[in-house]
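Biologist: I would like to learn how to read a model like this one. Could we go through it one feature at a time?

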Amino acid sequence: MEYFLTDEQKMIVELSRKITEEHIIPNRARLDEEEIFPTEILKIIADADLYGLYIPEAYGGFGGGVMDFILAVEEFSRGCIGVSVSFAANALGIYPVLAFGTEEQKQKFLPPIAAGTKQAAFGLTEANAGSDAGGVQTTAELVGDHYVLNGTKQWITNGGEAEIYTVIAITDKAKGARGASAFIVEKGTPGFTFGKKEDKLGIRASATRELVFQDCKIPKANLLGKEGMGFIVAMKNLDHSRPGIAAQGVGLAQGAMEAAVKYSRERVQFGKPISAFQANQHKIANMATEIEAARCLLYQTARTIDSGNKDFSMESAMCKLYATDVANKVANEALQIFGGYGYMREYPVEKMFRDAKILQIYEGTNEIQRNVIALDAIKKSAKQDKK
Amino acid sequence: MNIAVCIKQVPDSDKVTIDRETNRLNRAGVPSVINPFDENALELGLQLKDKYGGKVTVITMGPPQAEEALRECVSVGADEVILVTDRKFAGSDTWATSYTLSLAVQKAGDFDVVLFGKQAIDGDTAQVGPGVAYFMDIPVITYVKEAEKTDTGFKVKRVTEEGYQLWEVDGKAAFTVVKEANTMRLPSLKGKMRAKSATIITWGADDLGAEDAKIGLKGSPTIVKKVFSPPIKTNRETIQNEDPKQSVKELLGKLKERKLI
């Protein structure tokens, strides 16, 4: 397939693939088994100048867009999505600053992320605010020239590891969703602590923790955009970041398929390699076709976003939904090709199978993605009728 | 510190296949790579630059396509790259190559240190590093693993079959570098982009003022008389105890450890 990548994008792929082959694949089983945050690998990624792909050059980045970013995420995900999510969560944490920050905020917070010397994270989810993001209960009260934050964020990727957090809190309860605001909170601020590291089914190299705010005072200057814009910041951020999750799906699926096809050529049963059996060939054909379809949808969405088109919620939801469903299907079929060996930890598909599940859940469950897509289609139809 | 690194582009030995009919190497279409030991020399050069500041100049002698290897050197951090190429150099043996390269190194600058890989994986002679040092009339230390600057020159750790030796050298020197020294760093995206547009300085025989009789086939006294596989040398270990029972126990332990029994 010709993906029409620029020379720079081909370099990004080549470099990310090298890091994946030399550093992620040889270490992924250990990182998973011992739940080790991939600090060393993230440093290697940073040294290769891949942290700031989507950050403008003026702030020390590469000046690329979503397309450049997802190419790197896809390659890393071929190796391990526990590592790739730790890398990608930085974009989710810092994009609100990029899109809504003041010049001062950008000057202060973007360069260390672009250089990879600091990590970022995004705090929206709470115990009672998952798919229903409107249910946020964390509050931020303006006292003098400070906001005082109280509440607990849950399941925050890079929680505890990141230095810079974008957090959604309620500034005006009476206004419901319009009473939410977005803030930048730095690690080390008094009153800001972390809960225990979560013990997860998959992506065990990544760190997931609670963010706990108890009378946490942050400067007024750390408000992102205006008061009341928190929900818009969150939704725009998710629209923008969902292709990253789709890229994780495509990469994971690609890695699982490659492993399964290789194994099917080596494993002999009934006197033939199992790749000679049509039952397996059809599995391989379906995997290859669906991965390619997911990749095309992903690349096209990323390019749509980079073209400056403002209306891409639906495309973003579609690529996330499709690619992550494909990832789960492919991980399942790949494991089936491996048979009993696939169920064992010695082979990588066992981990891929466990890892894949989260893709259908985080950054908006796939049910929520379907809501977004359907509502968009219905709205467009209604608009058509009015004309 | 002014550092020169001499590299060679070689066929990627992992990808070379053998033509079963003629028993010759299928060299056509085999990708070329930087000689692996030269990567160690380059990395040592880059580390010296990181530590003491300065500049790394990479020089290669070869056909025009060796430019590709030089661009790779830029992507990991080489400051200047020079390609020494001329039809007149065709057929150079290690003697003629050493002479030619020594002229290029001297023309390129006044270097504190000239680095080489311990040998090239295609010819395996390990002669060009010491040869260049001979023509430049500077000391050479082979099989170097570590190097650091001193007030007057360098202190180096040299690997031997039994262990290592520490050497000190005053003034300018040449080192040939072993694999154990390091692993070459990954390129960066900015480095790769810089490599794409980097200027490759190209010198021919006339630019170097090389004497015709000393270059290419004419300047190459080597005659290959016979090609044969050397006997395989394996590591030998002696287990010796007062009590032979103890020796047997140790031997069994070692065999088990290596999963041989």
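This is a predicted model: local features need pLDDT of at least 70, side-chain atom pairs count only at pLDDT 80 or more; totals for chains, interfaces and linings use all residues.

Biologist: Which residue in the hairpin of β2(A) and β3(A) takes a positive phi?

Modeller: Read the backbone angles of the turn. Two residues lie between the strands, and Gly144(A) has a positive phi near 65°.

Biologist: Why is helix α2 of chain B described as largely enclosed by the rest of the structure?

Modeller: Count its buried residues, where buried stands for 20 or more other C-beta atoms within 10 Å. Helix α2 (residues 67-76) of chain B has seven of its 10 residues buried, so the rest of the structure largely encloses it. Those buried are Ala69(B), Leu70(B), Glu72(B), Cys73(B), Val74(B), Ser75(B) and Val76(B).

Biologist: What is Ala108(B) in contact with, leaving aside its neighbours within four places in sequence?

Modeller: The contacts are Ala4(B), Thr57(B), Ile59(B) and Ile82(B). Ile59(B) is 49 residues from Ala108(B) along the chain, while their C-alpha atoms are 8.7 Å apart.

Biologist: At what angle do α9 and α11 of chain A pack?

Modeller: For two helices, take the angle, the axis separation and the handedness. Helix α9 (residues 313-338) of chain A packs against helix α11 (residues 366-386) of chain A at about 140°, and the axes are 9 Å apart. The crossing of α9(A) past α11(A) is left-handed. Among the residues that make the contact are Met314(A) and Leu321(A) of α9(A), and Val372(A) and Ile373(A) of α11(A). By class, this contact has six nonpolar, four polar and four charged residues.

Biologist: How many residues of chain B are in contact with chain A?

Modeller: Eight residues of chain B contact 13 residues of chain A. On the chain B side, four are nonpolar, one is polar and three are charged.

Biologist: What confidence values does the predictor give the complex?

Modeller: Read the scores for the complex and for each chain separately. The complex has an ipTM of 0.83 and a pTM of 0.87. Chain B has a mean pLDDT of 92, with 99% of its residues at 70 or more.

Technical notes: Residues are numbered from 1 along each chain as its sequence is written. Chains are lettered from A and ligands numbered from 1 in the order in which they are written. Two residues are in contact if their C-beta atoms, placed from the backbone, lie within 7 Å. Ala, Val, Leu, Ile, Met, Phe, Trp, Tyr, Cys and Pro count as nonpolar, Asp, Glu, Lys and Arg as charged, and the others, Gly among them, as polar. Axes are lines fitted to C-alpha atoms, for helices over the stretch in contact, and angles run from 0 to 180 degrees between N-to-C directions. Helices (H or I, at least four residues) and strands (E, at least two) are DSSP runs, numbered from the N terminus. A crossing is left-handed if the near helix is turned anticlockwise from the far one by less than a right angle, and right-handed if clockwise. pLDDT is the predictor's confidence in each residue, from 0 to 100. Two strands pair if DSSP finds at least two bridges between them. A residue is buried if 20 or more other C-beta atoms lie within 10 Å of its own, exposed if 12 or fewer, and partly exposed in between; C-beta atoms are placed from the backbone.
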